[in-house]
Amino acid sequence: MHILSEYESLNRGPQEIVQDYCSRFNNVYNAIPQNLRPPPDLALIKFPDGFDSDMAYQLRERSPPSLEDMQSIAVSVEANLISKRARARAERRTPFKEEPSTFE
């Protein structure tokens, strides 16, 4: 019963990368005895609950057919967000270059 309560309370940690959360989710899910394990469709519904509301919305909106597909989408969404943040930081660091005026 302890493993079921752990499954129900699974959440992604504040600094946890998506791949680690996916592994932890799968480990806990697979540790549930077969006769008590929720069906894969229910795991697919439960998985996004471990994320913040924006990420959960993005995962549900895409309505992947399997948990494996949803986890792949989550990894790619996180990679895109990291890339987007890095570009935004780089743009902020680039000083604005003033162009000479055509009226001078």
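User: Why is Glu 78 called buried?
Analyst: In this predicted model, Glu 78 has 14% relative accessibility. Buried means under 20%, so Glu 78 counts as buried.

User: Where is Glu 78, and what does Glu 78 touch?
Analyst: Glu 78 lies in helix α5. Leaving out residues up to four places away in sequence, Glu 78 touches Arg 12, Glu 16, Ile 17, Val 18 and Met 55.

User: Which residues of α5 are buried, and what do they pack against?
Analyst: Leu 67, Met 70, Gln 71, Ile 73, Ala 74, Val 77 and Glu 78 are buried in α5. The buried residues of this helix pack against α2, α3 (40–46) and α4 (53–62).

User: What makes α2 and α5 roughly antiparallel?
Analyst: The axes of α2 (residues 18–31) and α5 (residues 67–93) cross at roughly 160° and come within 9 Å. Angles over 145 degrees count as roughly antiparallel, and the pair is therefore described that way. The crossing of α2 past α5 is right-handed.

User: Which residues of α2 and α5 meet?
Analyst: From α2, Val 18, Gln 19, Cys 22, Phe 25 and Asn 26 meet Leu 67, Gln 71, Ala 74, Val 75 and Glu 78 of α5. By class, this contact has six nonpolar, three polar and one charged residues.

User: How do you know that the span of α5 agrees with its 27 residues?
Analyst: At 1.5 Å a residue, the 27 residues of α5 should span 39 Å. The expected span takes one less than the number of residues. The end C-alpha atoms of α5 are 39 Å apart, so the two values agree.

Methods
Residues numbered from 1 in each chain as written. Predicted model: local features only at pLDDT ≥ 70, side-chain atom pairs only at ≥ 80, totals over all residues. Heavy atoms only, no water. Axes fitted to C-alpha atoms, helices over the stretch in contact; angles between N-to-C directions. Helix = DSSP H or I, 4+ residues; strand = E, 2+ residues; numbered from the N terminus. Parallel < 35°, antiparallel > 145°, perpendicular 65-115°, else oblique. Left-handed = near helix turned anticlockwise from the far one by under 90°. Contact = heavy atoms within 4.5 Å. Nonpolar A, V, L, I, M, F, W, Y, C, P; charged D, E, K, R; others polar. Buried < 20%, exposed > 50% of the residue type's maximum accessible area, 1.4 Å probe, protein only.
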